[in-house]
Amino acid sequence: MKTHTISILGAGYVGLTTAALLAHCGYRVFAVEPNPDRLKSIKEGKSFFYEQGLDAVIKIAIDSGNLIATDSYEESVTNSEVVFSCVGTPDNPDGSSNLSYVYGAVEESLKYMPDNSIYIQKSTVPVGTGRNVEEIIKKSGKNISYVSNPEFLRESTALFDTLYFDRVVVGGDNKDSVDTVLDIYKNLESNRDKITKISNIEQGQDDGKYISTSLNSAELTKVTANAFLALKISFANSIAVLADKVGADVNEVMDAVGSDKRIGRAFLNAGRGYGGGCFPKDVSGLISSADQFGIDLTIMKAAQDLNTSMPKYVIDKLESTVGNLSTKRVCVLGLAFKAGTSDVRKSPGIKLANLLVKNAGTVKAFDPKAMDEAKEHLSSEIKLSKSIPEAINDSDIVIIATEWKEFLSINASEFMKGNKDRVIVDAVNSLDDITLKKAGIKYIGIGR
Ligand code: UDX
């Protein structure tokens with residue numbers, strides 16, 4: 001089937017990136033978003049969150065008319081051969097995935113989808129969800145095929161990951177539909193040089209792999225990939241805790257271990273633990289869905305517990321080095337869940353700052369991009385700083401909680417300005433500890 005018009009349901013990190021990029025590949029793309037503030041922002045040609053290169057791509061796509069932002073399923077879905085669902089799947093209080101948006105989007109789309117169109121699930125769902133959706137489609141009496149196409153993009157490198165993907169995974173029973181979805185990505189790949197120039201992102205090298213699987217395998221691939229990466233981080237953190245006890249440096253250990261090609265160095269950076277909209281939720285979702293099949297995923301439970309304990313471990317290590325914090329003025333640099341994004345979901349920096357309120361004399365916090373988003377999640381006792389110097393000045397202790405390049409480039413004299421005894425806690429193990437220590441800085445890393 002030839003695709004002319006595509007609807008993308010949900011214009012969050014995944015949906016908006018996908019919509020904006022596909023609008024540069026000759027398709028007419030509807031970005032369907034119910035939130036009026038987000039919708040307004042997209043219509044004005046910009047994203048409502050920070051993501052490198054995305055605004056340039058959205059602006060041109062909106063101005064050309066190829067990207068249409070709407071809150072109407074009727075306007076969008078009625079006219080589309082292909083519908084991508086990119087709605088949120090937040091976690092329930094018990095850790096399971098809340099699928100109300102997933103099923104809501106299916107029900108609403110079925111009112112308008114024409115026969116012979118394709119419904120593609122990009123949202124992260126527990127394995128088995130697709131078969132339930134297929135039942136709903138069957139009951140509607142419409143001839144619509146269902147395909148799972150899990151998303152692997154990272155925030156902060158969303159455009160790069162989508163254009164220079166390692167692999168595209170498409171799972172489903174209908175081979176023609178699977179091929180139609182694969183063709184969309186092949187078209188995207190053939191447009192990637194043009195989009196790279198527009199967005200001014202780094203140029204990638206390798207060609208991605210195209211993988212077609214069964215429906216259940218595609219669904220399970222997504223959560224398995226994230227669970228494995230989370231497992232690597234928790235493994236590195238547990239070795240960091242041991243390294244602290246035995247006087248080894250976890251960075252040196254992981255550099256050496258990760259140079260084994262079978263292991264790889266990626267996702268072995270120890271520190272304050274993982275956060276964000278995916279890892280915490282996907283790990284708990286996997287544990288919960290395995291549980292429903294009578295499988296006890298203890299390995300993932302251990303990874304999750306270790307991760308939860310890391311922000312407190314950072315503070316315990318600080319206290320064991322400098323003593324009681326009750327008279328200390330502490331600042332936390334980095335409130336986004338990682339560098340390169342304004343997203344603060346399950347942010348370790350915010351957890352650290354809020355925990356410190358109980359122990360420290362005063363707490364200040366700063367982030368170059370996430371101050372607005374962070375505000376509502378921070379304890380009212382935390383003072384928000386407007387700049388790095390303002391955060392550092394008057395602080396006895398500086399904690400680096402995300403690896404923003406602005407923080408990693410602070411030099412020893414800037415760290416020591418006005419207080420040569422200032423303590424630096426590198427909770428992302430990314431500062432040059434040797435240079436800082438040589439300059440006389442009291443440096444604390446995690447597992448270093
Ligand atoms: C992740 C997956 O990488 C991506 O493939 C999937 O589509 C969505 O979930 P994302 O959440 O955007 O992407 O960020 P990622 O770069 O994976 O980092 C997640 C968290 O792990 C961050 O808090 C990061 O700081 C932390 N992290 C990452 C570590 O603590 N150590 C590492 O070695 C790597």
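Helices (H or I, at least four residues) and strands (E, at least two) are DSSP runs, numbered from the N terminus. The model is predicted: local features need pLDDT of at least 70, side-chain atom pairs count only at pLDDT 80 or more, and totals for chains, interfaces and linings use all residues. Residues are numbered from 1 along each chain as its sequence is written, and side-chain values use heavy atoms, with hydrogens and water left out.

View A. Asn200 is placed in the loop between α9 (192-199) and β8 (209-213). Its phi is near 60 degrees, a positive value in a residue other than glycine. Asn200 counts as exposed because its relative accessibility is 63% (buried means under 20% relative accessible area, exposed over 50%, partly exposed in between; 1.4 Å probe, protein chains only). Asp394, in the loop between α16 (388-392) and β12, is not a glycine either and has a positive phi of about 70 degrees. Most residues other than glycine have a negative phi.

View B. Helix α10 spans residues 215-246 and includes Asn237. Asn237 is buried, with a relative accessible area of 0%. Neighbours within four places in sequence aside, Asn237 is in contact (heavy atoms within 4.5 Å) with Ala270, Gly271, Gly273, Leu306 and Met310.

**View C. The open sheet of six strands.** The strand order is β11-β10-β9-β12-β13-β14, with parallel pairing (two strands pair if DSSP finds at least two bridges between them). At the edges, β11 (383-384) and β14 (442-445) each pair on one side only. Strand β13 (residues 423-426) pairs with β14 over four bridges in the parallel sense, and Asp426 stands opposite Gly445 in β14.

**View D. Salt bridge between Lys122 and Glu151.** The side chains of these residues meet at 2.8 Å, N to O (a salt bridge is a side-chain nitrogen of Lys or Arg within 4 Å of a carboxyl oxygen of Asp or Glu). The pair links distant parts of the chain, 29 residues apart: Lys122 lies in the loop between β5 (118-121) and α6 (129-140), and Glu151 in the loop between β6 (145-148) and α7 (158-163). Lys122 counts as buried at 4% relative accessibility, as does Glu151 at 9%.

**View E. Salt bridge between Arg131 and Asp173.** The N to O distance is 2.9 Å. Arg131 lies in helix α6 and Asp173 in the loop between β7 (167-171) and α8 (175-190), so the pair ties together parts 42 residues apart in sequence. Arg131 is partly exposed at 32% relative accessibility, whereas Asp173 is exposed at 55%.
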